[in-house]
Amino acid sequence: MKPSREEAEDALRTLLRWAGDDPDREGLRDTPARVIRAYEDWFSGYSQDPMSYLQRTFEEVEGYDEMVVLRDIHFESHCEHHLAPIIGRAHVGYLPVRKVVGISKLARVVDAYARRLQVQEKLSAQIANCIQQILEPKGVAVVIEAAHQCMTTRGVHKPGVTMVTSMMLGAFREDSRTRREFLAMIRNPDGIAG
């Protein structure tokens, strides 16, 4: 059973005391409530169904069957090991079969999964598998580049490091030319593979 808001705020007061501060002092008095409101935003993905965003498709595309790519989808997530922020961008592509989806829906899928406790590898797979399952395209490609604050602000303290993961399904996995075209499109600032 999900704890109440009051229980969650009490837990934060305990953490503040554990850290060595007084949760009743003026500067911290409202912090537990603020943190809970932030958590409602940061972890709103748990109350969203990413698959529902892809249900409405468009079939009047004049037979378009070339790559659809959405680059540089900014996202914010949190590491499931340390609750530290993961800040990055996702690149998503698919090869449609008779239907396409509104591009904002791809960004919503990324956000719905990102706004959960995550590891980047799982995030990449969840996005790709969702698109493949609902749209049934010839293939799906997802590349994620992100900085993990659990590595930059604690532990090894290595700022400037970016982790890159990819998940290729269908034609993107099976056909190296298709995969290369996608990778060229996401690297080229003009958006056209050269």
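**Exercise 1.** In this predicted model, find how many residues lie between β2 and β3 in their hairpin, and which turn residue has a positive phi.

*Solution.* Begin with the hairpin itself: β2 and β3 are separated by 5 residues, and in the turn Leu83 has a positive phi of about 60°.

**Exercise 2.** Work out in what order the strands of the open sheet follow one another, and why one side of β5 and of β7 is left without a neighbour.

*Solution.* First follow β3 to β6, residues 139-148, to which 10 bridges join it in the antiparallel sense, with His91 having Val143 in β6 as its bridge partner. Then turn to β2, which pairs with β5, residues 117-118, in the parallel sense over 2 bridges, and here Cys79 stands opposite Gln118 of β5. Putting the strands together gives an open sheet of 5 strands, ordered β5-β2-β3-β6-β7, with mixed pairing. Because β5 and β7 (163-170) are at the edges and each has a single partner strand, one side of each lacks a neighbour in the sheet.

**Exercise 3.** Determine at what angle α1 and α2 pack, and which residue classes make up their contact.

*Solution.* Helix α1, residues 5-19, packs against helix α2, residues 31-42, at about 120°, with the axes 9 Å apart, and the crossing is right-handed. The contact includes Leu12 and Leu16 of α1 together with Val35 and Ile36 of α2. Sorted by class, the contact has 7 nonpolar, 1 polar and 5 charged residues.

Conventions. Residues are numbered from 1 along each chain as its sequence is written. This is a predicted model: local features need pLDDT of at least 70, side-chain atom pairs count only at pLDDT 80 or more; totals for chains, interfaces and linings use all residues. Side-chain values use heavy atoms; hydrogens and water are left out. Two strands pair if DSSP finds at least two bridges between them. Helices (H or I, at least four residues) and strands (E, at least two) are DSSP runs, numbered from the N terminus. Axes are lines fitted to C-alpha atoms, for helices over the stretch in contact, and angles run from 0 to 180 degrees between N-to-C directions. A crossing is left-handed if the near helix is turned anticlockwise from the far one by less than a right angle, and right-handed if clockwise. Contact means heavy atoms within 4.5 Å. Ala, Val, Leu, Ile, Met, Phe, Trp, Tyr, Cys and Pro count as nonpolar, Asp, Glu, Lys and Arg as charged, and the others, Gly among them, as polar.
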